[in-house]
Amino acid sequence: MLIRLFDQIQADPYQGLVTFGGFIVALLLAFTVHEFSHALAATRLGDPTPKTAGRLSLSPLAHLDPLGTMLILLAGFGWAKPVPVNPAYMRINPRSGMAVTALAGPLSNIAAAAIFAIPINAGIGDSGDFGSVFVGGSVVGYFLVSGIFWNLLLASFNLVPLVPLDGFSIALGILPREAAAEYAKLEKYGTGPLLVVIMIGFLAPGLGLFSLVLDPLIRILGSLVLW
């Protein structure tokens, strides 16, 4: 990510700085909304753990992970600190409670994308191409599109039903008990299956997670928020 930005900044400092600004602002907002929504959902279900840990906050500093943030800057991909949750405190079935808490993150990002889309739908700014670098035109429009794209990317990625993503907890919450128990066995492999799926995309472009799942899902969600 940084190498790409350095190249653009050398070619056109203004455009490079706008690209970098749109990227950072959009991701900070997306991660903050996502993690805060996990904390809020768990808290509303009766779990005091997120509030005790200082995660019931809209401050990005409460949610940033040092290594994940560094990778965002270097590779354009990273993570925030997971929100600590204790399902034993929840007023509903723990499996359902974890599913609701997990779903709150992606749903909040879709809602945030819809909010970013309001000015564009009203004719303010150019929607442009998802994820493209800034090459001129409306700075406001570029920031809005960046907000839409990164929120939808974060939502789509987290809906993948693999450890440690939200989709895994969602799947465990909606599957029949016996099927959920079998699927939960994937947890012992940690992030291995997810890393394998991601690596397939590098080894066989067009057959990976981003090409087959995330790109189509982002476009579908994008068509819903952008009229």
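Which side chain meets R55 in a salt bridge? I found E35 there, at 4.0 Å from N to O.

**Ground rules.** I am working on a predicted model, where local features need pLDDT of at least 70, side-chain atom pairs count only at pLDDT 80 or more, and totals for chains, interfaces and linings use all residues. Residues are numbered from 1 along each chain as its sequence is written, and side-chain values use heavy atoms, with hydrogens and water left out.

**Salt bridges.** My criterion was a side-chain nitrogen of Lys or Arg within 4 Å of a carboxyl oxygen of Asp or Glu. The count came to 2 salt bridges. For helices I took DSSP runs (H or I, at least four residues), numbered from the N terminus. Buried means under 20% relative accessible area, exposed over 50%, and partly exposed in between (1.4 Å probe, protein chains only). R55 counts as buried because its relative accessible area is 4%, and E35 is buried too, at 8%. I also looked up E182 and K185, whose side chains meet at 3.1 Å, N to O. K185 has 44% relative accessibility, so I noted K185 as partly exposed.

**Helix 2.** I counted 32 residues, reaching 46 Å from first C-alpha to last. That is close to the 46 Å expected, taking 1.5 Å times one less than the number of residues. At its start, a side-chain oxygen of D12 comes to within 3.2 Å of the backbone nitrogen of Y14. After helix 2 comes G46, with a positive phi near 105°.

**Core.** I defined a nonpolar core as buried Ala, Val, Leu, Ile, Met, Phe, Trp, Tyr and Cys residues joined through side-chain atoms within 4.5 Å. The largest has 31 residues, and I148, W150, L152, F157, L194 and L209 touch the most other members. Helix 2 (13-44), helix 5 (94-121), helix 6 (139-158), helix 9 and helix 10 each supply at least two residues. Helix 6 gives the most, with 9 residues.

**Around helix 7.** I found a cis peptide bond joining V163 and P164, with omega about 5°. P164 sits in the loop between helix 6 and helix 7. D166 belongs to helix 7 (residues 166-174). With a relative accessible area of 11%, D166 is therefore buried.

Conventions:
Polar contact = N/O pair within 3.5 Å; in protein donor to acceptor, adjacent residues only side chain to side chain.
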